[in-house]
Amino acid sequence: MITISSGNFMSFRESRGATARLVLLIAALSACVSAPERPRALAAAATPQKPQPTTNSWPIRQVANPPLPYQDINQNEAPPPALVSVIRNLGQSFKGKVGIAVRRVGADWTVAWNGNALFPQQSVSKLWVSMTFLDAVDRGKLRLTDTTTLTRNDLTLFHQPSAALVAKQGGWTTSYSDLMRRAMTQSDNTCNDALLRAGGGPDAVRGFLARRMIKDIRFGPGERLLQSATAGLDWRQDYSLGRNFYAARAKLPMSVRVKALDNYLSNPPDGAAPSSIVAALAKLKQGDMLSPASTRLLLNIMSEAKTGPQRVKGGVPAGWHYLHKTGTGQDLAPRSTGYNDVGIMTAPDGTSYAVAVMIGSTTVPIPERWALMQAVSKAVAANHETR
């Protein structure tokens with residue numbers, strides 16, 4: 001595999017000149033604007049079939065992620081030099097810790113900035129939950145048509161539209177197929193955790209990725225433990241109701257919150273390398289992760305995603321198609337963390353590119369994050385070379 005990678009987890013220039021370069025790069029590419037991105041809803045939803053621990057432990061070892069060397073290769077197999085230059089300049093100019101990777105599906109090259117560093121995935125990890133569940137379906141262990149009932153004990157935190165259904169009915173019964181669609185298109189945390197439990201839990205996801213030879217993609221302990229530990233709290237089920245989690249988090253000393261967030265960012269239990277994510281997405285597109293039927297189903301669901309219309313998708317030009325999964329982490333002013341979008345761009349001629357833009361930590365406002373992400377998709381389209 002040919003990888004052109006610039007830098008590991010580096011600090012970035014915060015000069016006005018850097019911002020100007022980013023603006024010029026974006027202006028040089030053709031624009032394509034989508035509808036405004038909606039703020040994430042708040043609520044609650046998902047329960048364990050086994051007792052949840054009351055303390056948080058992340059039994060994941062720190063791993064080294066050295067940069068892959070540049071290899072001299074046949075020019076016909078190399079990525080477009082202009083794309084390499086744009087990705088490097090975007091990474092250097094952005095005010096924050098960012099990882100970018102682009103891989104042409106069916107080719108043997110990846111263009112990346114900080115491509116081998118581990119970035120917090122947040123809801124991007126829902127992609128691996130759905131793959132693991134579908135793999136179990138492919139092996140005859142589970143069925144998408146089977147149903148399960150969610151109660152208040154199953155609720156999680158943050159974005160969980162299904163919590164309203166649980167509250168209204170006192171218990172909500174639905175199929176695993178419906179849970180997957182809600183988890184992937186609405187990024188519903190309760191639906192995802194229910195799907196995760198049915199599929200065998202975090203170890204099952206890790207095992208699936210290992211069997212598919214996907215390295216440097218971690219999977220955390222589940223939404224409740226991950227988010228509570230990131231905030232500096234031990235999980236309690238009543239945090240899933242109303243704004244109880246926010247109230248408990250707000251009562252913590254700022255030093256506790258800062259330390260907890262710093263610990264999370266320095267060694268994220270859900271960390272993933274952008275280059276590894278695009279490799280996995282390319283394998284999914286090529287049918288090397290799941291059966292043909294499960295591959296078609298998952299790609300179709302990803303194409304219906306409602307989240308992040310102004311992220312990478314906002315720069316995808318007319319005539320192209322984009323299917324994806326976003327992720328958004330916790331904020332602790334002035335920092336925002338885990339602001340991500342990963343997916344597959346397909347040109348009118350059928351050529352596909354796997355794309356990952358992962359902002360680990362930044363202080364810039366959301367429109368500037370959108371601008372970076374849209375610049376990546378515009379650069380991919382602008383430098384697309386037909387076979």
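**View 1. Glu 223, a buried charge without a partner.** Glu 223 is buried yet forms no salt bridge. In this predicted model, the nearest side chain of opposite charge belongs to Lys 126, 4.3 Å away. Look next along helix α8, residues 223-231, where Glu 223 is found. Here the side chains of Glu 223 and Gln 227 are joined by a polar contact of 2.8 Å. Not counting residues up to four places away in sequence, Glu 223 touches Lys 126, Leu 157, Asn 189 and Asp 193.

**View 2. Helix α11, mostly covered.** Nine of the twelve residues of α11 are buried, among them Pro 274, Ile 277, Val 278, Leu 281 and Leu 284. How far apart are the end C-alpha atoms of this helix, residues 274-285? They are 17 Å apart, which agrees with the 16 Å that twelve residues should span at 1.5 Å a residue. After α11 comes Gly 287, whose phi is positive, near 85 degrees.

**View 3. The largest nonpolar core.** In soluble globular proteins, nonpolar side chains tend to be buried together. The largest nonpolar core here has 50 residues, and Trp 128, Met 131, Ile 277, Leu 298 and Met 302 touch the most other members. Helix α3, residues 126-138, gives the largest share of this core, six residues. Apart from this core lies another, of 32 residues, including Phe 94 and Trp 370.

**View 4. Leu 298 and its contacts.** Leaving aside neighbours within four places in sequence, Leu 298 is in contact with several residues, including Leu 127, Met 131, Met 184 and Leu 284.

Methods. Residues are numbered from 1 along each chain as its sequence is written. This is a predicted model: local features need pLDDT of at least 70, side-chain atom pairs count only at pLDDT 80 or more; totals for chains, interfaces and linings use all residues. Side-chain values use heavy atoms; hydrogens and water are left out. Helices (H or I, at least four residues) and strands (E, at least two) are DSSP runs, numbered from the N terminus. Buried means under 20% relative accessible area, exposed over 50%, partly exposed in between (1.4 Å probe, protein chains only). Lys and Arg count as positive and Asp and Glu as negative; His and the chain ends are not counted. A salt bridge is a side-chain nitrogen of Lys or Arg within 4 Å of a carboxyl oxygen of Asp or Glu. A polar contact is a pair of N or O atoms within 3.5 Å; within protein, one must be able to donate a hydrogen and the other to accept it, and residues adjacent in sequence count only if both atoms are side-chain atoms. Contact means heavy atoms within 4.5 Å. The expected span of a helix is 1.5 Å times one less than its number of residues. A nonpolar core is a set of buried Ala, Val, Leu, Ile, Met, Phe, Trp, Tyr and Cys residues joined through side-chain atoms within 4.5 Å.
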